[in-house]
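Me: Hi! Could you walk me through how the terms apply to the molecule below?
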Amino acid sequence: MAENAILYDSSKCSACKGCSVQCKQWNDLPSPLVKNGYEYTGTYQSMSALNGDTRLLMTFNETATPKGVEWAFMRKACFHCTDPACLPVCPVSAISKLDNGTVKLDQTKCIGCKYCTAACPFEVPKYRPNFGVSNKCTMCEDRVDQGRIPACVKTCPAHAPIFGPRPDLLAPGKA
């Protein structure tokens with residue numbers, strides 16, 4: 001079985017945040033709560049970083065130029081690495097690499113030690129204090145097991161994320 005992956009093409013992305021909303025809806029995750037309403041990040045970005053209740057975040061980089069504002073959007077979520085740094089540091093084997101490419105975090109085994117959050121070079125797994133476990137993207141394992149694509153990919157009107165076998169996405173990803 002080939003490993004699956006999600007290729008994100010930022011040149012197609014309009015930063016509508018539909019992927020973030022759909023991720024929360026599909027996974028029944030709550031909206032972010034902050035002290036006085038929503039966190040103001042000084043940009044259109046909804047929050048400053050991923051957290052235990054947010055598995056996918058669209059980041060905004062705005063740069064003022066003589067021609068106006070230049071925008072750069074990025075999808076921040078688990079990359080489901082081929083050799084994930086979070087996997088070997090988990091003392092209870094709550095993290096595994098599935099044959100289909102998903103880096104799975106089994107919350108029923110997680111003890112909340114936060115070693116995975118420290119080991120990930122992309123700062124993706126996040127501790128979920130209200131549940132005492134870490135949380136991260138599942139690549140919609142439940143959907144993929146049914147032959148469907150991840151919710152974030154399905155909802156994107158611009159087709160910026162593409163889901164498929166990792167070998168098929170490497171060439172377009174390098175182009």
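Reply: Gladly! Strands themselves are DSSP runs of E with at least two residues, helices are runs of H or I with at least four, and both are numbered from the N terminus. This is a predicted model, where local features need pLDDT of at least 70, side-chain atom pairs count only at pLDDT 80 or more, and totals for chains, interfaces and linings use all residues. Residues are numbered from 1 along each chain as its sequence is written, and side-chain values use heavy atoms, leaving out hydrogens and water.

Me: How do you know that the radius of gyration agrees with a compact globule?
Reply: The radius is taken over C-alpha atoms, and the globule rule is 2.2 Å times the number of residues to the power 0.38. For 175 residues a compact globule would be near 16 Å; the protein has 17 Å, so the value agrees.

Me: What share of the residues is called buried?
Reply: Buried means under 20% relative accessible area, exposed over 50%, and partly exposed in between, with a 1.4 Å probe and protein chains only. By that cut-off, 38% of the 175 residues are buried.

Me: And how many helices and strands are there?
Reply: The protein has six helices and eight strands, running β-α-β-β-α-β-β-α-β-β-α-α-β-α from the N terminus.
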